[in-house]
Amino acid sequence: MADNFEYPHCADVSKYEKLMKVGQGTFGEVHKAIHRRSRQLVALKKVLMENEKEGFPITSLREIRILKLLNHENIVNLIEICRTKVTPYNQKAVFYLVFEFCEHDLAGLLCNPQIRFSLGEIKKVLQMLLNALYFLHFNRILHRDMKAANILMTKTGILKLTDFGLARAIHPSVDGKKVRYTNRVVTLWYRPPELLLGERNYNAAIDMWGAGCIMAEMWTRSPIMQGGTEQHQLNLISKLCGSISTTVWESVENLEYYNKMELAKNINRNVKGRLHSFVKDPLALDLIDNLLKLDPSKRLDADGALNHDFFWSDPMPIDLAHTLSRVTTSMFELHTPRRTGKKFNGGVLQNQQKENHPTKTNAAIYDRVF
Ligand SMILES: Nc1ncnc2c1ncn2[C@@H]1O[C@H](COP(=O)(O)OP(=O)(O)OP(=O)(O)O)[C@@H](O)[C@H]1O
Ligand SMILES: [Mg+2]
């Protein structure tokens, strides 16, 4: 019976030929593949079913539902869902999400010191990222996993935000009751202070913090705050953004872990000072400063960021097609020395916690800015 079972809305994945592995995520592997007949390149993201007792994983269902809803030039296009054929010998179908293929991810590109972006090109990348976030937030969706590896680039220089495995819809509060989302989201290095302090009634500002971290990374070329634990991450945030206190963030004392975590005292905010040897443009520094506000209610939203003078002064945003046309091999995080902040909990990359300075040759990859 099993071999006769059909999934009417799910094509057989054998119409694609796998070419190479380009990603290994928490929720599955990603392969570059080619459509055998049309020769169209795609990315096949395998749905990990191993721990699933109750059928199709919820993270993949969410990802599919949200991606089907969103249609935007800067958000990755989900082409279809495919599955392997069920046979008497292999009774469990394996499912794949089939995406348009993008040649690079931003983490991979930034790890390669030979790829240099001009200020106009950096503006273009950030403008495309903020356009994606504006569209998402306007449609009341939170991404909840902003990081450079989740930002894809096509060879023609179009940015595509991807990985909606943690994304969710924003609910309006009913009868004035606070919404309680799960707090355990966002890769540690890009996690905003409100999440680290236990906020469950968060909003789009959590993605804007990630956008601020990624913006700085366009110049530093490696994640700016590489904490090993939640506590360490909070310390790094305070070093850069100053002490977390009611003086700068009035409602912070209401957060569950405000009195449970150690919060460094009497540190001045110094975002511009600490970044200015990397980021020479004063408008860029000002935008980063406004995206990395400790108090989420003071952080710029996507609309505010897009209207910042940074995008409306010379050099204006400029297309990346020319620069990327000279990059002949794909750049993915998977193919670089690991630089992933662990999702949900800290404790990884002990070597990156050491305060030692990187050697010149590996500075582009291992450089810890703070
Ligand atoms: N459409 C695509 N084209 C090219 N590469 C892709 C595509 N989608 C994903 N990748 C690569 O695969 C990696 C993992 O994909 P994705 O982030 O969707 O999976 P994940 O399991 O949710 O990852 P993680 O949990 O590590 O964030 C990406 O960082 C990227 O390098
Ligand atoms: Mg990912």
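Two bridges join β7 to β9 (residues 151-153), and the two strands run antiparallel. Within this pairing, Asp 105 sits opposite Leu 152 of β9. The model is a predicted one.

The pair belongs to an open sheet of three strands, ordered β7-β9-β10 and paired antiparallel. Its edges are β7 (104-105) and β10 (159-161), each of which pairs on one side only. Helix α3 (residues 119-138) packs on this sheet and touches both β9 and β10. The directions of α3 and β10 make an angle of about 35 degrees.

## The chain as a whole

The chain holds 12 helices and 11 strands. It has 370 residues, and 41% of them are buried. Take the contacts between residues at least 6 apart in sequence: 68% of these join residues at least 24 apart.

## Helix α3

Helix α3 is mostly covered, with 14 of its 20 residues buried. Just after the helix comes Arg 140, whose phi is positive at about 60 degrees.

## Where α3 meets α5

The axes of α3 and α5 come within 11 Å, crossing at roughly 170 degrees. An angle over 145 degrees counts as roughly antiparallel. The two helices, α3 and α5, are therefore roughly antiparallel to each other.

Which residues make the contact? From α3 they are Ile 122, Val 125, Leu 126, Leu 129, Leu 130 and Leu 133. From α5 they are Asp 207, Ala 211, Ile 214, Met 215 and Met 218.

## The buried side of α8

Helix α8 covers residues 282-291. Its buried residues are Ala 284, Leu 285, Leu 287, Ile 288 and Leu 291. They cover an arc of only 160 degrees around the axis, which puts them on the same side of α8.

What do these residues pack against? The partners are three helices: α5 (205-220), α7 (271-275) and α9 (302-306).

## Arg 269 in its loop

Arg 269 lies in the loop between α6 (230-241) and α7. Is Arg 269 buried or partly exposed? It has 17 C-beta neighbours inside 10 Å, so Arg 269 counts as partly exposed. A buried residue would need 20 or more.

Setting aside neighbours within four places in sequence, Arg 269 is in contact with Cys 241 and Gly 242. Ser 243 is 26 residues from Arg 269 in sequence, yet their C-alpha atoms are 7.3 Å apart.

## Strands β2, β3 and β4

Strand β3 (residues 28-35) pairs with two strands named here. With β2 (residues 16-25) the pairing is antiparallel, over eight bridges. With β4 (residues 41-46) the pairing is also antiparallel, over five bridges.

Lys 18 stands opposite Ala 33, and Ala 33 stands opposite Val 42 in β4. The hairpin of β3 and β4 has five residues between its strands. In that hairpin, Arg 39 takes a positive phi near 65 degrees.

Definitions and conventions
Residues are numbered from 1 along each chain as its sequence is written. Chains are lettered from A and ligands numbered from 1 in the order in which they are written. This is a predicted model: local features need pLDDT of at least 70, side-chain atom pairs count only at pLDDT 80 or more; totals for chains, interfaces and linings use all residues. Helices (H or I, at least four residues) and strands (E, at least two) are DSSP runs, numbered from the N terminus. A residue is buried if 20 or more other C-beta atoms lie within 10 Å of its own, exposed if 12 or fewer, and partly exposed in between; C-beta atoms are placed from the backbone. Two residues are in contact if their C-beta atoms, placed from the backbone, lie within 7 Å. Two strands pair if DSSP finds at least two bridges between them. Axes are lines fitted to C-alpha atoms, for helices over the stretch in contact, and angles run from 0 to 180 degrees between N-to-C directions. The arc is that of the directions from the helix axis to the C-beta atoms. Angles under 35 degrees count as roughly parallel, over 145 as roughly antiparallel, 65 to 115 as roughly perpendicular and the rest as oblique.
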